[in-house]
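Subject: Structure handover

Hello,

Here is the structure we talked about. Please open it next to this email and follow along.

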Amino acid sequence: EIRSRCAQVAAAARHVRIDVDAIPAYSASLPVSPADAAPSSSTASPDATAFWLTLDAINFGSGWFPTLRKRPGHSGYRTIEASLRDRFERAGPWTAGELAVLKAGELATTFGQDPHHELMASFASSLNDLGERLLGGYDGAFEGPLAQAGDSAVALVQTLSGWRCFADASRYEGRTIPFLKRAQIAAADLHRAGVARFADLARLTMFADNLVPHVLRLDRVLELDAALVARIERGQLIAHGSPEEVEIRACAVYAVELLVAASPVPRTAAELDQILWQRGALPRYKAVPRPRCRCTAY
């Protein structure tokens, strides 16, 4: 459904276009595999499931990242990730009961941020829902959703996507467009960390955010209309759910599907996503403003 709906958006898009002629050469030029096939934060312990579910429940906020206090040499995401890892190493994970009542102030302390920063309240709301879902359906056990999913990443994504803390769908020309970025990346992270063994990872799509579309634009696979580029490069926020924002995400998802199909070596959309996301950390891509949207999707 994600693939077919994103293809529909790509076909109807008015602000974003895929240069399909560029796909074969670009796909062939990409590395065979990601530089680091494991999650960036190795938490190989009994707390690994809790770590990745907790982190991916708050793996959003890129629209606010320029306003965060960042650790030296860290991006916004890396700052949040490293701070959470420090918390786990120091005090262990929050229990589901603690997550259910967690306040923005405690998260601000954990992440080294202003307690009044808008993102801390959004993080608290998402983690409250995570705790409530684990308490209500799995007796508070982080492993419960994984046990229920068995060897299927898709089954886990379907479960998580029904929770408010992982929900991610937009509307476009009367259709619901599911993206499920964080539910899908949670499945991939848990698999890479070795706490799950999913047999159907190839069914996952790209994890639709703002960085991979940015990389694809600078690499001339995606073309955005001049007015939209000007807004992005001025640092103007793009409204979540606007036609432009939905087209940016959906066209990136569909472009990655085309890249997978054209690849000279077998690889999945999730693997290509990681390759392109890692490319986005290079100076060339960081020097140009990327699309920013303040939302809980990414």
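Below is what was found, from the whole chain down to single residues.

First, the ground rules. This is a predicted model, in which local features need pLDDT of at least 70 and side-chain atom pairs count only at pLDDT 80 or more, while totals for chains, interfaces and linings use all residues. Residues are numbered from 1 along each chain as its sequence is written, and side-chain values use heavy atoms, with hydrogens and water left out.

**Overall shape**

The chain has 15 helices and four strands. These are DSSP runs, numbered from the N terminus: helices are H or I with at least four residues, strands are E with at least two. The C-alpha trace spans about 50 × 40 × 40 Å along its principal axes.

Of the 298 residues, 55% are buried. Buried means under 20% relative accessible area, exposed over 50%, and partly exposed in between (1.4 Å probe, protein chains only). Contact means heavy atoms within 4.5 Å. Among contacts with a separation of 6 or more, 75% join residues 24 or more positions apart.

**Charges**

There are 33 positive and 33 negative side chains, and the centres of the two sets lie 4 Å apart. Lys and Arg count as positive, Asp and Glu as negative; His and the chain ends are not counted. Each charge is placed at NZ of Lys, CZ of Arg, CG of Asp or CD of Glu.

**Aromatic pairs**

Rings of Phe, Tyr and Trp (its six-membered ring) pair if their centres lie within 6.5 Å; planes under 30 degrees apart count as stacked, over 60 as edge-to-face and the rest as tilted. The count comes to six aromatic pairs. F111 and F123 have ring centres 5.8 Å apart and planes at 75°, so this pair is edge-to-face. F111 lies in helix α6 (residues 104-111) and F123 in helix α7 (residues 118-138), so the pair ties together parts that are twelve residues apart in sequence. F111 and F123 are both buried.

Y138 and W163 form a tilted pair, 6.3 Å centre to centre with 50° between the planes. Y138 lies in helix α7 and W163 in the loop between α9 (153-161) and β2 (169-172), so the pair ties together parts that are 25 residues apart in sequence. Y138 and W163 are buried as well. Ring pairs also link F51, W52 and F88 into a cluster.

**Single residues**

C251 sits in helix α13 (residues 243-262). C251 is buried, at 0% relative accessible area. Beyond its neighbours within four places in sequence, C251 is in contact with A10, A13, V16, I18 and L222.

T268 lies in the loop between α13 and α14 (269-279). T268 counts as buried at 18% relative accessibility. Leaving aside neighbours within four places in sequence, T268 is in contact with A202 and V260.

Two backbone angles are worth a look. Most residues other than glycine have a negative phi. E173 has a positive phi near 50°, and E173 lies in the loop between β2 and β3 (175-178). R220 has a positive phi of about 65°. R220 lies in the loop between α11 (211-218) and β4 (222-224), and R220 is exposed, with 65% relative accessible area.

Best wishes
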